[in-house]
Amino acid sequence: MGEEEGLRQAQLLDTMFVRGLKRKCFDGEEDIEGTLAGFKAIPSYNLQRQSLLDMSLVKLQLCHMLVEPNLCRSVLIANTVRQIQEEMTQDGTWQMINTQNAGHASLDRLVSTDILCRSSREQTEAKHSPGYSTFPKDFEETQSQDSSEIMSAVSSGQAPRNLQSNMWEMESPQENRGNFQKSLDQIFETLENKSPNSVEDLFSEVDSSYYDLDTMLTGMMSNTKMGHCDVLETFPSQTTTNSNSNCKSDLNELDHIVEILVES
Amino acid sequence: MAGVAGGGGGGNDFQWCFSQVKGAIDEDVAEADIISTVEFNYSGDLLATGDKGGRVVIFQREQEIQYVFCLRAWMLHACTQPYAGMQLGSIESSAMQNKSRPHSRGEYNVYSTFQSHEPEFDYLKSLEIEEKINKIRWLPQQNAAHFLLSTNDKTIKLWKISERDKRAEGYNLKDEDGRLRDPFRITALRVPILKPMDLMVEASPRRIFANAHTYHINSISVNSDHETYLSADDLRINLWHLEITDRSFNIVDIKPANMEELTEVITAAEFHPHHCNVFVYSSSKGTIRLCDMRSSALCDRHSKFFEEPEDPSSRSFFSEIISSISDVKFSHSGRYMMTRDYLSVKVWDLNMENRPVETYQVHEYLRSKLCSLYENDCIFDKFECCWNGSDSAIMTGSYNNFFRMFDRNTRRDITLEASRESSKPRAILKPRKVCTGGKRKKDEISVDSLDFNKKILHTAWHPTENIIAVAATNNLYIFQDKIN
């Protein structure tokens, strides 16, 4: 990245962190003077890169909505993620992430695609929130491997399928979809999002695919389609929660993350 | 202010004027009304649009010089003597003079509207199939009816649009209102006569080409043989015969054996305008492959590979995304092709693979905003591009309802806006300018004030004249040139 552009992007990402994305990135230019004044250090390139990585992972997760995801977009985002991770492994910054892990447990939950995209088999095998904590261990093992295998290591230590296959594979979508819905449901619970329309039905924990089909047909057909961005935008408009959240302890941190990533 | 020359106007200054706008004026745009494709037919008399709601609307240009043709036809039939022949010449010339009325150009009016695709549900995958029309391509006209291909993500349909302006009257076996007559009551026979009726335009689906694409169809292209066409999705390209719906040939397949290794998808494909064995397809990595169907049944190996080497100084995490080609179009001559990526339009000579011959920056001022555009997904917008009839100019869209035109000969470019404000009949369009930094001049608009929701993705240029159709969300603007 050219230095100039890197700085510019830093400025943009800057406003993200400070303002919680309440204003769009490209509107933030006017506010830069104000924000920089109150912001002691310009975020490092690493921080920008990390933010970009997080943003990309969130985008990938929200690809799977009711209409088949745009494959081109998913591939481009995945390539960007891979590019960042390659660079990070070269820098050796994978290790750094582990040390930050303690304060960002909830971030793992949100951005660890292995939780979201793994099949149920693998989910029972693997431990919870493996996320970035497995990196240092895997890092040495995978250092010599090529990028696609690094991606595998990132997603899940032992699981054969990685992030991409779960996205692209439409051949066994029922399984993916069910697991994905389950995982997304966890996220949605913790985010205390219960919008009154079909989103709740869609991501309920009922397993039977027949029921899902039903809710899809009744709930979705009459409603506007939820694009990936729309889901994000409905977060603020929640009502009370009435389900037990498994992650209440992470809620505050998760709130913080959501604030950053979602425009309120 | 000189506009960009199109058609055959070498050196003539001309300007673009507003002609018409179609669509609702409401601020609240219904998603189904968003125009998703625009295409002129081969003669330019018909203009088709497809929208997100699966509807196709066809506009027809009104014939303002129709009476001249009638007169001439009558004269040709009537005269047989040499004396009449001389008279024919003089009458014809005076009649033809009325043709050149610069202020009265044929307007496009609605000719036919029909629902091409309906939303579907894929039960196997529990996913909706959108009814949005991705592309419309006309077939060359062979008889009185018009044919076009329209496609959504999964299914291509061949539609026949025909006119009916006569009605048969005087049937023997049924009454005027259609009820069957009692055969015993029929005592005499008569010959039914054709009587004129109000023009009715009917659209009927003649072929449905389904179940051949696992991924989303992004392009269709009619071959120059007028018998076959190709359809391309993210990973495969299929070849069809227009008469056969239950079979298609797979000619390109870039799906990796292991989907984990997928890093590139097909973004657009087109047949060569003259060579029926040649087609190109573009990818998300900014490459174009030209294939010759004579070389092998499965064209996995390209005949030519077009890629511009990356500029290392401008490399960023977004380099690949902005290099992804959103549209590829052959020139009418067949010698060049044009590709559109996120920030630029490139013209390639088919004989030179290592770099384009011309590069035009569409909105370079967005380069510093790529992070924001990535965040709000605008970076994935797929802009189209088009040539004018003589291949001397190219046009593409941008944000804030701006669209850009580049004259390949004079190297001049112009930015125009499709807006209701400049929508007075025959109002000349004022060139727009985006201020990139420093002091903003009067009439300039700053980059931060651009409306990224108002994007012009689809534009079309009349095949022979300087008439352009620009789709701005749910409105279709038609602009024409005004010769000074």
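This is a predicted model: local features need pLDDT of at least 70, side-chain atom pairs count only at pLDDT 80 or more; totals for chains, interfaces and linings use all residues.
Across all chains, a search of the whole structure finds 33 salt bridges.

Begin by selecting Arg167(B) and Glu169(B). Arg167(B) is partly exposed, at a relative accessible area of 40%. Glu169(B), by contrast, has a relative accessibility of 17% and is buried, because the cut-off for that class is under 20%.

Next, select Glu264(B) together with Arg289(B). Here the closest N and O atoms of the salt bridge are 3.6 Å apart. Glu264(B) belongs to the loop between β15 (244–253) and β16 (266–271) of chain B, while Arg289(B) is part of strand β18 (residues 288–292), so the pair ties together parts 25 residues apart in sequence. To see the connection, display the loop and the strand with both side chains. Glu264(B) counts as buried at 17% relative accessibility, and Arg289(B) is likewise buried, at 15%.

Move on to Glu310(B) and Arg315(B). Their salt bridge brings the closest N and O atoms to a separation of 2.6 Å.

**A network with residues of chains A and B**

Now select Lys59(A), Arg73(A) and Asp377(B). Salt bridges that share partners join these residues into one network.

The last stops concern the backbone. Most residues other than glycine have a negative phi. Asp391(B) sits in the loop between β24 (385–387) and β25 (393–397) of chain B. With a relative accessible area of 9%, Asp391(B) is buried.

Finally, select Asp443(B). Although Asp443(B) is not a glycine, its phi is positive, at about 75°. The residue lies in the loop between β28 (433–435) and β29 (444–446) of chain B. A surface display gives the contrast between the two sites: Asp443(B) is partly exposed, at 46% relative accessibility, whereas Asp391(B) is buried.

Methods:
Residues are numbered from 1 along each chain as its sequence is written. Chains are lettered from A and ligands numbered from 1 in the order in which they are written. Side-chain values use heavy atoms; hydrogens and water are left out. Helices (H or I, at least four residues) and strands (E, at least two) are DSSP runs, numbered from the N terminus. Buried means under 20% relative accessible area, exposed over 50%, partly exposed in between (1.4 Å probe, protein chains only). A salt bridge is a side-chain nitrogen of Lys or Arg within 4 Å of a carboxyl oxygen of Asp or Glu.
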